[in-house]
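These are my notebook entries on a structure that is new to me. I set down what I looked up, one topic at a time.

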Amino acid sequence: MTEPKRAPGGFPVVGVVGGGQLARMMQGPAIELGIQLSVLAEDEVAAAALVVPSSPVGRHTELDHVLEFARSCDVVAFDHEHVPQSVLESLENEGIVMHPSRTALRFAQDKLAMRRRLTDLGIACPRWAVARVAADVDRFGAEVGWPVIVKTPRGGYDGKGVMLASSSADVADWLTHVGEPGPMSEGLLLEERVDFTRELAALVARSPSGQAAAWPVVETVQTGGICTEVLAPAPGIDPDLAAVATEAALRVAGELGVTGVLAVEMFEVPGPDGRPGYVVNELAMRPHNSGHWSMDGAVTGQFEQHLRAVLDLPLGDPRPHAPWTAMANVLGGDYPELYPAYRHIMARDPQAKVHMYGKGVRPGRKLGHVNVSGPDLAEVRDRARHAADFLQGVITE
Ligand SMILES: Nc1ncnc2c1ncn2[C@@H]1O[C@H](COP(=O)(O)OP(=O)(O)O)[C@@H](O)[C@H]1O
Ligand SMILES: [Mg+2]
């Protein structure tokens with residue numbers, strides 16, 4: 001592996017394990033701040049490897065690869081949560097500075113550990129249980145009502161690893177993996193199916209010194225387990241709910257010792273008194289799809305904030321600079337060409353901000369997103385959706 005080039009002037013090298021779009025989107029603010037990024041990439045054409053000159057290829061599961069990479073960086077951050085605890089532990093023992101820490105990251109890696117910890121902290125969660133055998137699933141379904149949600153504790157993303165089960169037979173296949181080494185070794189996570197009003201996310205950043213900053217709570221729209229749209233701030237949100245949701249996210253960040261960006265995915269539910277409340281769905285300890293709007297819609301975007309936080313620099317102002325920002329994801333469809341759409345969408349809407357990740361088209365794959373800000377919610381939402389749909393090839397005019 002070659003050493004990342006160092007810029008004169010004492011600037012640090014931030015290493016990112018994983019070369020996906022999140023690592024790639026750190027490069028814009030890294031360039032602006034004069035910070036050198038180095039990425040441990042899956043291959044030469046990973047989204048971040050295409051734009052970061054120092055992108056050695058290596059596996060995040062191989063201690064040798066990660067260790068050699070980490071030694072050439074001043075601080076290590078992550079593009080995803082899939083680096084095994086054993087690898088993180090070795091890095092820790094070597095004195096590698098990483099954010100978030102191994103102990104914090106565990107609660108974003110393992111949904112069972114997350115549920116246990118949040119329940120101990122008294123943070124509202126859906127009713128949940130662990131299943132090791134079919135009878136556990138049947139008992140839980142009888143208790144909370146069918147269908148139930150079943151999740152693989154580790155390794156899932158974009159709805160992969162989440163299933164709606166109408167009986168234990170639906171998860172018979174997964175149950176055979178319980179006890180084997182792998183994402184289901186300790187059992188499956190069972191959750192009641194929450195009849196939510198909508199999905200929200202509270203995004204905060206916390207630095208190692210303990211400074212924290214919160215963006216406004218947003219609404220996220222999921223289709224088939226994949227985030228497709230984000231509205232910032234969450235339209236019409238009860239101000240008390242926005243305050244308690246933000247407070248909960250800041251508390252989780254502090255109690256778990258999270259450093260960097262933390263996304264707390266939530267379900268909005270009617271509370272016992274009829275006022276809107278929330279239960280926490282899951283945690284992500286890195287920049288998150290629910291924060292992509294902030295790249296164009298807030299004074300400090302999440303990727304810049306993540307760099308500031310992992311370097312223990314003072315955090316930037318998270319406030320929005322427009323009444324509304326809508327973010328629409330571009331998902332892969334059948335048509336492999338993306339760039340030809342630029343002529344149309346840019347001519348049609350000069351204010352739309354287009355972000356593409358340099359990824360090949362595969363159905364349902366996140367390829368990019370579009371942000372539109374302005375004073376009229378319905379209008380910015382339509383405009384962002386139109387541009388994203390056009391890029392996806394869903395519409396042709
Ligand atoms: N307990 C639940 N009740 C209802 N819907 C759920 C529940 N858990 C997950 N979902 C739906 O599935 C989506 C993906 O689940 P999540 O646990 O966030 O998995 P991932 O790690 O793939 O993001 C959620 O955004 C939500 O739409
Ligand atoms: Mg999720």
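**Entry 1: helix α3.** I record at the outset that this is a predicted model. I began with helix α3, residues 85-93, and asked which of its residues are buried. They are V87, L88 and L91. They lie on the same side of α3, because they cover an arc of only 100° around the axis. I noted the general rule that an α-helix has 3.6 residues a turn, so residues three or four places apart point the same way. On the other side of α3, I found S86 and N93 exposed. I then looked up what the buried residues pack against, and found α2 (63-71) and α4 (102-109). After α3 comes G95, with a positive phi near 80°.

**Entry 2: the four-stranded sheet.** Next I traced an open sheet whose strands follow the order β4-β7-β5-β6, paired antiparallel. I asked which strands stand at the edges. They are β4 (128-131) and β6 (162-165); each has a single partner strand, so one side of each is left without a neighbour in the sheet. On average, neighbouring strands here are turned by 30° against each other, direction ignored.

I checked one pair in detail: β5 (residues 148-151) and β6 run antiparallel and are joined by four bridges. Within this pair, K151 has V162 of β6 as its bridge partner.

Two helices pack on the sheet. Helix α5 (residues 111-120) touches β4, β5 and β7 (188-192), and its direction makes about 50° with that of β7. Helix α6 (residues 134-144) touches β4, β5, β6 and β7, and its direction makes about 160° with that of β4.

**Entry 3: ligand 1.** I listed the 18 residues around ligand 1; those that come nearest are I149, V162, E191, V194 and Q222. Strands β5 and β13 (276-284) each supply at least two residues of the shell. How is the shell divided by class? I found five nonpolar, six polar and seven charged residues.

**Entry 4: strand β11 and its partners.** Finally I examined strand β11 (residues 226-232), which is mostly covered, with five of its seven residues buried. It pairs with β10 (residues 218-223) in the antiparallel sense over five bridges, and T220 has V230 of β11 as its bridge partner. The two strands form a hairpin with two residues between them, and G224 in the turn has a positive phi of about 60°. Strand β11 is also joined by four bridges to β14 (residues 324-331), again antiparallel. There I noted A326 of β14 as the bridge partner of L231.

How values were computed:
Residues are numbered from 1 along each chain as its sequence is written. Chains are lettered from A and ligands numbered from 1 in the order in which they are written. This is a predicted model: local features need pLDDT of at least 70, side-chain atom pairs count only at pLDDT 80 or more; totals for chains, interfaces and linings use all residues. A residue is buried if 20 or more other C-beta atoms lie within 10 Å of its own, exposed if 12 or fewer, and partly exposed in between; C-beta atoms are placed from the backbone. The arc is that of the directions from the helix axis to the C-beta atoms. Two residues are in contact if their C-beta atoms, placed from the backbone, lie within 7 Å. Two strands pair if DSSP finds at least two bridges between them. Axes are lines fitted to C-alpha atoms, for helices over the stretch in contact, and angles run from 0 to 180 degrees between N-to-C directions. A residue is near a molecule or strand if its C-beta atom, placed from the backbone, lies within 6 Å of it. Ala, Val, Leu, Ile, Met, Phe, Trp, Tyr, Cys and Pro count as nonpolar, Asp, Glu, Lys and Arg as charged, and the others, Gly among them, as polar.
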